[in-house]
Amino acid sequence: MLRKLTFLAVSAVIAFGTLSFDLQQESENPGDRLVGIWEPSNGRSRIKVDRIGNKYYGRVVWLIEPNDADGNPRTDINNPNPDLRNVPLRGFRMCKDFVYQGDDTWSEGTLYDPNNGSTYSGTIKMRDDNTLDMRGYIGVEAIGRTDVWKRLKMPSKKKK
Amino acid sequence: MASCSGPGEIHEYTVNDLEFNLEGPLFAGPNSGQAEIEIDLADVVGGTYEEGMRISDATLKAASVVPNDSMGFAEVNAFVVSFASDNEDVSMQEAAVKNPLEEGETAATLNVAPEAELGEIMEDGKVYVILDADLAEDFWEGNRNFKLNFTLELTIK
């Protein structure tokens, strides 16, 4: 009986310790819930979000059509800066400078549309751990478009 | 590393051997490494430094990447260098690119984007440097390591 109680007590301590550690980690960077790989609603690309300093950035890591008509890797041909039109589209950082504001919201960032070379102001709202509302707008947030992104689960092991 | 002085002083600021460790597992496609630099204006300006001086403009003049492990540039398609800061009002800027990497290259000289506006990013002194390496294959074992050399032209007022 004593052994059983000891086991339960140790289990409780471990469980509480783990919980405290998780809470501590979350409170240090609560915005890190945005980190991961996301798929926009059209399913034509996948975006990996990382934190650099205190801001969040999203890079294109997969494209359904990675090559152009000539079979060459697509580049950012519509970039307003001619010097950067040779930057590979796969790897392009299309979400930039998002800052976590609390309340499951990241803002102050920009969204870049490589289809037309336009940059929009952006706000990200996390509906749940696996769903984002990505809102892009010019000027007034009320006038814009929202796309729903889904989190992609990564396999933990290499497939043989 | 200041090279000249005068009103609205222009100084060259060179960083050598900035190390980037891209931690595995790495996947085919873009993989990022980041490093932090602190620009000490008193050190850059030297004897003529005065309290209150700040960076008003910055341009990347040159950038090159060299391998920092035995894998060299194997299976690397391209490099992109970007700069960012913690300033919420300032956006990250891509500043140099090498695409594609020539076969057999042992040092990659990047094409710089002179229009990239880096002044506001540099203003606070603390700057994040990001190196994106586009890989042709997955690397499940080990890391990839590179060194970046670059020169900035800073206008200091």
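Student: Which residues does Phe79(B) touch, not counting residues up to four places away in sequence?

Tutor: Phe79(B) touches Val65(B), Lys98(B), Ala108(B), Leu110(B), Leu131(B), Asp132(B) and Ala133(B), where contact requires that the two C-beta atoms, placed from the backbone, lie within 7 Å. This is a predicted model, in which local features need pLDDT of at least 70 and side-chain atom pairs count only at pLDDT 80 or more, while totals for chains, interfaces and linings use all residues. Residues are numbered from 1 along each chain as its sequence is written, and chains are lettered from A in the order in which they are written.

Student: What makes Phe79(B) stand out in the largest nonpolar core?

Tutor: Of the 66 residues in that core, Phe79(B), Val81(B), Leu131(B) and Leu148(B) touch the most other members. Strand 4 (residues 76-84) of chain B gives the most to the core, with seven residues. A nonpolar core is a set of buried Ala, Val, Leu, Ile, Met, Phe, Trp, Tyr and Cys residues joined through C-beta atoms within 7 Å; buried means that 20 or more other C-beta atoms lie within 10 Å of a residue's own, against 12 or fewer for exposed, with partly exposed in between.

Student: Why are strand 2 and strand 7 of chain B said to stand at the edges?

Tutor: The open sheet of five strands in chain B has the order 2-8-4-5-7, with antiparallel pairing. Strand 2 (29-38) and strand 7 (111-112) of chain B each have a single partner strand, so one side of each is left without a neighbour in the sheet. Strands here are DSSP runs of E with at least two residues, numbered from the N terminus.

Student: How do you know that strand 2 and strand 8 of chain B pair?

Tutor: Pairing requires that DSSP finds at least two bridges between two strands, and ten bridges join strand 2 of chain B to strand 8 (residues 126-135) of chain B, which run antiparallel; these two strands therefore count as paired. Within this pairing, Gln34(B) has Ile130(B) as its bridge partner.

Student: Why is strand 4 of chain A called largely enclosed?

Tutor: Seven of the ten residues of strand 4 (residues 93-102) of chain A are buried, so the rest of the structure largely encloses this strand. Strand 3 (residues 55-63) of chain A pairs with strand 4 of chain A in the antiparallel sense over three bridges, and Tyr56(A) has Phe98(A) as its bridge partner. Five bridges join strand 4 of chain A to strand 5 (residues 105-113) of chain A, with Tyr100(A) opposite Trp106(A).

How values were computed. Helices (H or I, at least four residues) and strands (E, at least two) are DSSP runs, numbered from the N terminus.
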